[in-house]
Amino acid sequence: MSSLQQVTETANSGTPSTWRRIRSLVPGTTPARALSPRVLASIDRHDQSSEVLIKVIQLVIVSTWAILYAIAPKTDFGTAFSPVSWALAIYFGLNVIGLIWAHRTGLPNWAVYISIIFDIAILMLLIWSFHIQYDQPPSFYLKAPTLLYVFIFIALRALRFQARFVVFSGLAAAVGWLTLVAYAVYSAHGMSTTRNYIEYLTGNEILLGAEFDKTITIVMVAGIIAVALSRANDLLVRATADAQAANELSRYFDSAVASDIRNADEAATPGKGKRVEAAILNVDLRGFTKYASGKDAENVLGLLIAYQKRIVGIIQGHGGSIDKFMGDGIMATFGAVRASETYAADAVRAIDAIIAETDTWDTDETLKVFAGGKVNAAVAAGPIVFGTIGDDSRLEFTVIGSAANMSAKLEKHNKTTRSRALTDGHTYDVALEQGYEPAKPARRRKSTLAGADQLVVLG
């Protein structure tokens, strides 16, 4: 943040910017970012999948408790009713139901809060039962290491990336433990409290300071996790929003270009580029402008989408990268985004495939109006510059060079020569050298186009 921003921030809010940064670390003190429904849905799916994991871990915990309780020695108290085994069985069943619920539809927030209460309640009941199990005064259970499980329950709630559940777990645990302390003090009528640490450790006396230390530790751990989780949640929101944006923006670029942008070590900047040998392919619908003038927008766009879907698939299938869509025109590059030893051969093969494809459109209800010779194409190869132009607010990948200009001229020249696809002699010879094998001999003509050594009719 610049000095000017700091001064402006302080002047506008009356709060020192340093304090605002500190306050922003506390969960719930900063305004929620405005997020799109898709981003919120993505975060919610992450949360719900985490709840499934939580339920699985809870089932493991209760199973562990059941095993330990089953093998632990117990005092014979006749026919007295022991609630632990029943509580564990009920808790296990509730978690199975919760797991199914979370997997199928996801748990609403109120169900999560109730689940937290059950977690803490069953743990406190298990700890409370120790003095009965071992025939000791209630103060006996205050020394049970089983209390440490409370930190597992608090940590489990961090999987949801919502600090409120962690805070609620910590408060519920603190209240539960203080309740057990109060019960132990009440049962002893206050006679078992002490200030002697040795007596506390070696007997059944209650050291209130120690119990408050445990309570404070529970609350502090929950608070620290909540703060860390709040910061992590902000990163999750930013990452999810950025991922959604990147996914959407990548649809505006060829997949190879989008991959380069995502994996680049440095951000794209104007003027960055490279000089390479490549082939430029242009495809166009002859007569489309006239056809579109009498049709409604839905029909025009529907036809374009159907045409582009067929042609783009062919281009990419032969190693080409879509550079741009220009109305009914498509411009693609071979060997520009990814270096290739067969760029010209691949481009000419793509034209052959496009011609073969358009010959089948006479049976397609949407595309039959442009079947056969209505789709024109041209390719030219040579040295080009491939890189980014624009400014810091908007960038565009483009190709610059004589091959790009020649490809555009050849495509338009199809109308003059009444051909479906053209290339120049140089490009055709390069394609042959790179392994292109024509299905039938190409027709070479004397060039009537400036810059072309000769014209080669590809279809």
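**Exercise 1.** Which side chain meets Glu 357 in a salt bridge, and which helices do the two lie in?

*Solution.* Start with the rule: a salt bridge is a side-chain nitrogen of Lys or Arg within 4 Å of a carboxyl oxygen of Asp or Glu. In this predicted model, local features need pLDDT of at least 70 and side-chain atom pairs count only at pLDDT 80 or more, while totals for chains, interfaces and linings use all residues. Side-chain values use heavy atoms, with hydrogens and water left out, and residues are numbered from 1 along each chain as its sequence is written.

Now the pair: Glu 357 meets Arg 310, at 2.6 Å from N to O. Glu 357 sits in helix α14 (residues 343–358) and Arg 310 in helix α13 (residues 297–317), so the contact ties together parts 47 residues apart in sequence. Helices here are DSSP runs (H or I, at least four residues), and strands are too (E, at least two), numbered from the N terminus.

**Exercise 2.** Take the salt bridge between Asp 346 and Arg 349: is Asp 346 buried or exposed?

*Solution.* First, the distance is 3.0 Å, N to O. Last, accessibility (buried is under 20% relative accessible area, exposed over 50%, partly exposed in between; 1.4 Å probe, protein chains only): Asp 346, at 16%, is buried, and Arg 349, at 28%, is partly exposed.

**Exercise 3.** Where in the chain are Asp 429 and Arg 444?

*Solution.* They form a salt bridge, with the closest N and O atoms 2.8 Å apart. Asp 429 is in helix α16 (residues 425–433) and Arg 444 in strand β7 (residues 443–446), 15 residues apart.
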